[in-house]
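Colleague: I have the sequence and the fold open on my screen. Can we walk through the model, one question at a time?

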Amino acid sequence: MFTGIVQGLGEVLAVDQRTPDFRSHTVRLPEGADANLRVGASVAHNGCCLTITRVHENGAADFDLMGETLAKTNLGALQPGDKVNIERAARFGDEIGGHSMSGHITATAEISRIEANGLNRTVWFRLPENLKGYVFPKGFIGLDGCSLTIGTVTDSEFNVHLIPETLNRTLFGSRRAGERVNVEIDPQTQVIVDTVARILAERAKA
């Protein structure tokens, strides 16, 4: 489980593309997230839960990415030198500053435009058709691993408002229009929406 509070930016040190649908990469974790690394531990990269397969001495670790991960997330486009949002798995007793996240990416969304407002920014995203039932104003959403509150929602777009701390700590400080981010729908929202839709469908058949 993750909370959507990004601990910092990790740096991709190496990429090993073994086959078209399998690769591994080495990431140096940010200070504070590099302690007590061990094989088998879960670390979110841009919100996607990956498992450590090897630990290096310099605060870096290896992670495997399967075909499903490469197809459904933005991690397949990473190259050495790129940065990723990093969050270690939550532990019992940790403060939950964001919302409960599974690290299972639902889809990716393209940044359509970015509006600057003093020190803050409003980032607009194209709304994927398969997510329309789960995205609504003031709802929770995970974007590249960041727990965020949805602002405005239209038929084709939605936005979030970002404070300087988020811009400084995460990839959103350097994101540009046209780039794609990983999206995780709030699990509770998804369960409620899907359950209501199923019940209404069953009643319509009765």
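Colleague: Which strand holds Asn159?

Modeller: A caution to start: this is a predicted model. Asn159 has its place within a strand, and that strand is β11.

Colleague: Is Asn159 buried or exposed?

Modeller: The cut-off for buried is under 20% relative accessible area. Asn159 has 2% relative accessibility, so Asn159 counts as buried.

Colleague: Which backbone atom does the side chain of Asn159 reach?

Modeller: Leaving out neighbours within four places in sequence, Asn159 is in contact with Thr122, Val123, Trp124, Ile150, Gly151 and Thr152. To one of these, Thr152, there is a polar contact from the Asn159 side chain, at 2.8 Å. The atom reached is the backbone nitrogen of Thr152.

Colleague: Now the overall picture. How many helices and strands does the protein have?

Modeller: The chain counts 206 residues, and 43% of them count as buried. As for its elements, the protein has 3 helices and 12 strands.

Colleague: What is the radius of gyration, and how does it stand against the globule rule?

Modeller: The C-alpha atoms fill a box of roughly 60 × 45 × 40 Å along the principal axes. For 206 residues the globule rule gives 17 Å, and the protein comes close to that, so it is as compact as a globular protein of that length. Its radius of gyration is 18 Å.

Colleague: What share of the contacts between residues at least 6 apart joins residues at least 24 apart?

Modeller: Take the contacts between residues at least 6 apart in sequence. The share that joins residues at least 24 apart is 68%.

Colleague: Which residue of β4 stands opposite Ala44?

Modeller: Strand β3 covers residues 42–45 and strand β4 residues 48–55; they pair antiparallel over 4 bridges. Val43 has Leu50 as its bridge partner in β4. Opposite Ala44 stands Cys49.

Colleague: Which residue takes a positive phi in the hairpin of β3 and β4?

Modeller: This hairpin has 2 residues between the strands. The residue in question is in the loop between β3 and β4, is not a glycine, and is buried at a relative accessible area of 1%. With a phi near 50 degrees, it is Asn46.

Colleague: And in the hairpin of β4 and β5, which residue takes a positive phi?

Modeller: Strands β4 and β5 (residues 60–66) run antiparallel, joined by 3 bridges. Ile52 has Phe63 as its bridge partner in β5. The hairpin has 4 residues between the strands, and the one with phi near 80 degrees is Gly59.

Colleague: What is the phi of Asp144?

Modeller: Asp144 sits in the loop between β9 and β10. Its relative accessibility is 1%, so Asp144 counts as buried. Asp144 is not a glycine, yet its phi is positive, near 50 degrees.

Colleague: Which residues touch the most other members of the largest nonpolar core?

Modeller: In soluble globular proteins, nonpolar side chains tend to be buried together. Here the largest nonpolar core has 23 residues. β7, β8, β9, β10, β11 and β12 each give two or more residues to this core. The members that touch the most others are Phe125, Ile141, Leu143 and Phe172.

Colleague: How many residues does the second core have?

Modeller: This core is separate, and includes Ala41, Leu50, Leu65 and Ile105. Its size is 19 residues.

Colleague: Last one. With which side chain does the side chain of Tyr134 make a polar contact?

Modeller: Tyr134 lies in the loop between β8 and β9, and at 16% relative accessibility Tyr134 counts as buried. Beyond four places in sequence, Tyr134 is in contact with Ile185, Thr189, Gln190, Val193 and Asp194. The polar contact spans 2.5 Å, and its partner is the side chain of Asp194.

Key. Residues numbered from 1 in each chain as written. Predicted model: local features only at pLDDT ≥ 70, side-chain atom pairs only at ≥ 80, totals over all residues. Heavy atoms only, no water. Buried < 20%, exposed > 50% of the residue type's maximum accessible area, 1.4 Å probe, protein only. Contact = heavy atoms within 4.5 Å. Polar contact = N/O pair within 3.5 Å; in protein donor to acceptor, adjacent residues only side chain to side chain. Core = buried A, V, L, I, M, F, W, Y, C linked by side-chain atoms within 4.5 Å. Pairing = 2+ DSSP bridges. Rg over C-alpha atoms; globule rule 2.2 N^0.38 Å.
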